[in-house]
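Student: I would like to go through some side-chain contacts in this model. Please show me the sequence and the structure.

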Amino acid sequence: MLFNGISSADRPAPDQIEVSVFGNGFGEAILIHLGNEKWLSVDSFRLGTGNEVTTESQPIALAYLKHIGVDPENAIKVLCASHWDTDHIDGISEVLRACPKALFVGSTALTREEFVAYVKAIESRPLTQLSTREREVGQIQDALVSRTCPGFNKFALVDREVFYSPSAEQIHGCDVRIRTLSPTDDQLAQFLVNIGNQIPEVRATKRHSQEFRPNLISVVLRVEIGNAVILLGADMEDTGNPTHGWTAILSSISAADGKKAAIFKIPHHGSQNGHNDHVWSKMLVSNPIALVTAFTRLREPLPTDRDRARITKLTSDAYIASEVSPSKSTKSLDRRVRNEVRAMGARIVRANPKEGFIRARSVGGLNSLNWSIDLFGTAKSLA
């Protein structure tokens, strides 16, 4: 198990910042300790529990916090779904239900009639016909609709502050701000057109919905805790369109004029289409701590050797959350068995030795901007 040997003795001090990036060769999740046992949780995948049928596979964020003696219900103050790809949302609805008072941050597309119609079309199918992503999207929508706390949902827009906690409430004495840097209006409009095209006609064959490329509504987050700045790149891509992607973010006020980030979660598993030279020169300090997750379900897994070379030329302090090698699938199992298991609400997972995570923690107070790095599981230096 990934968290063997981790206990409440490993929880961060109340005035200590922690940035943990988790990966398993497919999924990605992030936890940030903002101070005073207040946590930001971004995206989700489920912790593997062995090669067996199980309903006990927890979202990674819940599992980690419980292992370090933190109650997720009270500790997770902000929960963000950066976008709707399977590798980022598996288990998000469970985290949402476990943390009913957490502020939920996601794309404003959630409130649009096109997206609501898409979800209703999904939910009309039998459970056995739904992909993990389709099932999770429907459950997230249901959980959001059932929330009774007013003001506990905020939707991502360009340069929008979604969370603020004043210095007077923090042991470390620093203001805490979380700002969304995307998506733009143009990106949202194009996404809604794409969603509308995926709603099946009456009596039409119902096929699994496709994951869109480029990723139009990926939510980039900028986290400021005093002088400590963390930039979370989600799966943001750079298409060259001035109203889309990193080009649009770089033209925003916060991106151009704000403090530079010392920690960067590299977008889109380190791939070339998530890279923009100006992000490194204008938004990041020199030689930042760069964190990336692997994506192994491709003929050439990400990051590629070319991606590694590019990243390590830009910083000597780069780390990957899990090993990069082709992953095994459960699709070789009999289809009837897989459908029966899915109908029971259970899952088939394989023992996954690829799980790992990178933990960066502030050292010596936030004014020093020094960080310690610890690697767990298969996490390692990218160099």
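Student: Which side chain does histidine 83 join in a polar contact of 2.8 Å?

Tutor: This is a predicted model, in which local features need pLDDT of at least 70, side-chain atom pairs count only at pLDDT 80 or more, and totals for chains, interfaces and linings use all residues. Residues are numbered from 1 along each chain as its sequence is written, and side-chain values use heavy atoms, with hydrogens and water left out. A polar contact is a pair of N or O atoms within 3.5 Å; within protein, one must be able to donate a hydrogen and the other to accept it, and residues adjacent in sequence count only if both atoms are side-chain atoms. At 2.8 Å, the partner of the histidine 83 side chain is that of serine 82.

Student: Is histidine 83 buried or exposed?

Tutor: Histidine 83 is found in the loop between β5 (76-80) and α3 (86-89); helices (H or I, at least four residues) and strands (E, at least two) are DSSP runs, numbered from the N terminus. Buried means under 20% relative accessible area, exposed over 50%, and partly exposed in between (1.4 Å probe, protein chains only). Histidine 83 has a relative accessible area of 1%, so this residue is buried.

Student: Which backbone nitrogen lies 2.6 Å from a polar atom of the asparagine 24 side chain?

Tutor: Asparagine 24 is in the loop between β1 (18-23) and β2 (28-35). The backbone nitrogen of phenylalanine 26 lies 3.0 Å from a polar atom of this side chain. The one at 2.6 Å belongs to glycine 27.

Student: How many aromatic pairs are there?

Tutor: Rings of Phe, Tyr and Trp (its six-membered ring) pair if their centres lie within 6.5 Å; planes under 30 degrees apart count as stacked, over 60 as edge-to-face and the rest as tilted. By this rule, the number of aromatic pairs is ten.

Student: How many residues apart in sequence are the parts tied together by tyrosine 64 and phenylalanine 357?

Tutor: These two rings form an edge-to-face pair, 5.4 Å centre to centre with 65 degrees between the planes. Tyrosine 64 lies in helix α1 (residues 60-67) and phenylalanine 357 in strand β16 (residues 356-363), so the parts that the pair ties together are apart in sequence by 293 residues.

Student: Is the pair of phenylalanine 357 and phenylalanine 376 stacked or edge-to-face?

Tutor: Phenylalanine 357 is in strand β16 and phenylalanine 376 in strand β17 (residues 370-377). Their ring centres are 4.4 Å apart, and with 5 degrees between the planes the pair is stacked.
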